[in-house]
Amino acid sequence: MRQEQFVARHQAEWQALEYWLRHRGNARGAPAPGAAAAMPDAEFPARYRRLCQQLALARSRGYSAPLLARLQQLMQDGHAVLYRAPPPRWRTALEFVAAGFPRLVRAQAPVMWASLALFALPLLATGLLALWRPDLAQHLLGQEQLAQLERMYDSADPARALGRESGDDWRMFGHYVMNNISIGLRTFAGGLLAGVGTVVVLLFNGVVIGTAAGYLQAVGHGGPFWRFVCTHGALELTAIVIAGGAGLRLGLALVAPGNRRRRDALVHAGRIGARLCLGVALMLLGAAFVEAFWSSTRWLADWLRFGVAALLWSGVLAWLWRGGRGAEDADAA
């Protein structure tokens, strides 16, 4: 067989292997969203064996030095990936938190924006309504819940901890972990009801939080409330929105599976949602820690409390916007 025929026959296979190595040579995790490799990972060992056979065949036939050099380099790169030691688990987890998770969130941008609208718009609307007409808050939350909120954020009663009525820090940390993660899981799992459950949870939480904030501000307890929620809200509220996006993605797979069978679309969306929920759980764990050990500390000066809150909000938004962006740029090159 002439060299031109040999190259024409195997060129596409070599290019696919080169593409896979370029995108997967630095990590064993899933490829970056939007930059899927040209072949499934499971095919790599068989492709590598064929490459070795092709290189041996090219040598035996005396093909040109540039072609042999290309195949030799490709074989060496493949050998380095196939036989290298797996990265430590802590490194894989760190890479997911720092880059993989924010990339995944950005890859699901349409459902994330929809989730943000379903949560933030009712929050703003009910907050402004309760600020304008505090009496209307009774119809949304009830008199008993409003009275409890007033007790929790009563700045005239120094005997009460800021933002909570009882419990030491560790006990409240456990309570916040269970409460926050349960909300996140309900928000995601609601997607199994064709997304309706997720929509309801997002709307409900937006209405409750907005009404509480507007009412407390209107009755003169806004200061303690904002001091309490300003810091941990960066992680907690953002995590709820991301969980809502994951739930909407799940519901969309049921309602509009596209070219996939509904079962396959649901499995695919479930895998994406599971990875998103892992990041959400970590965010909610961090939010519970901040809420238990920082937000309810009464002696903190306002400038310190709001300064740390501003830094945390900026850090969370920058992480979701820029995390893993360098890898995306490299994939697009």
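Which residues of H4 are buried? In this predicted model, local features need a pLDDT of at least 70 and side-chain atom pairs count only at pLDDT 80 or more, whereas totals for chains, interfaces and linings use all residues. Residues are numbered from 1 along each chain as its sequence is written, and side-chain values use heavy atoms, with hydrogens and water left out. The buried residues of H4 are Phe 96, Ala 99, Gly 100, Phe 101, Pro 102, Arg 103, Leu 104, Val 105 and Arg 106, where buried denotes a relative accessible area under 20%, exposed over 50% and partly exposed a value in between (1.4 Å probe, protein chains only). Helix H4 also bends by about 45° at Phe 96; the bend at a residue is the angle between axes fitted to the seven residues ending there and the seven starting there.

The chain contains 13 helices and zero strands, and from the N terminus on its elements run α-α-α-α-α-α-α-α-α-α-α-α-α. These elements are DSSP runs numbered from the N terminus, with helices (H or I) of at least four residues and strands (E) of at least two. Of the 333 residues in the chain, 42% are buried. Contacts, defined by heavy atoms within 4.5 Å, were also examined by sequence separation: among those between residues at least 6 apart, 77% join residues at least 24 apart.

The largest nonpolar core comprises 25 residues, and those with the most contacts inside it are Phe 101, Val 105, Ile 242, Leu 276 and Met 283. Such a core is a set of buried Ala, Val, Leu, Ile, Met, Phe, Trp, Tyr and Cys residues joined through side-chain atoms within 4.5 Å. Two or more residues are given to this core by each of helix H4 (89–107), helix H10 (222–255), helix H11 (262–295) and helix H12 (302–322). H11 provides the largest share, nine residues. Apart from this core lies another, of 20 residues, among them Ala 137, Met 172, Phe 225 and Ala 288. With residues up to four places away in sequence not counted, Phe 101 touches Phe 96, Ile 242, Arg 275, Leu 276, Gly 279, Val 280, Met 283, Trp 319 and Leu 320.

The packing of H9 and H10 was considered next. The axes of helix H9 (residues 196–218) and H10 come within 11 Å and cross at roughly 170°; axes are lines fitted to C-alpha atoms, for helices over the stretch in contact, and angles run from 0 to 180 degrees between N-to-C directions. H9 and H10 are therefore roughly antiparallel to each other, a class that applies to angles over 145 degrees. On the H9 side, the contact is made by Thr 198, Val 199, Leu 202, Ile 209, Ala 213, Leu 216 and Gln 217. H10 contributes Gly 222, Phe 225, Trp 226, Leu 237, Ile 240, Gly 244, Gly 247 and Leu 248. By class, this contact has 10 nonpolar, five polar and no charged residues, with Ala, Val, Leu, Ile, Met, Phe, Trp, Tyr, Cys and Pro counted as nonpolar, Asp, Glu, Lys and Arg as charged, and the others, Gly among them, as polar.

Individual positions were then examined. Asn 180, in helix H8 (residues 169–189), is buried, with a relative accessible area of 3%. Beyond residues up to four places away in sequence, Asn 180 touches Glu 236, Leu 284, Ala 287, Ala 288 and Glu 291. Ala 194 is placed in the loop between H8 and H9 and is partly exposed, at 38% relative accessible area. The phi angle of Ala 194 is near 60°, a positive value in a residue other than glycine.

Leu 71, in helix H3 (residues 65–82), is buried, with a relative accessible area of 0%. Leu 71 and Trp 14 are 57 residues apart in sequence and 8.3 Å apart in space, C-alpha to C-alpha. Neighbours within four places aside, Leu 71 is in contact with Phe 6, Trp 14, Leu 51, Gln 54, Leu 55 and Ala 58. Leu 141 lies in helix H6 (residues 137–141) and counts as buried at 12% relative accessibility. Between Leu 141 and Val 208 there are 7.0 Å in space, C-alpha to C-alpha, and the two are 67 residues apart in sequence.

Technical notes
Parallel < 35°, antiparallel > 145°, perpendicular 65-115°, else oblique.
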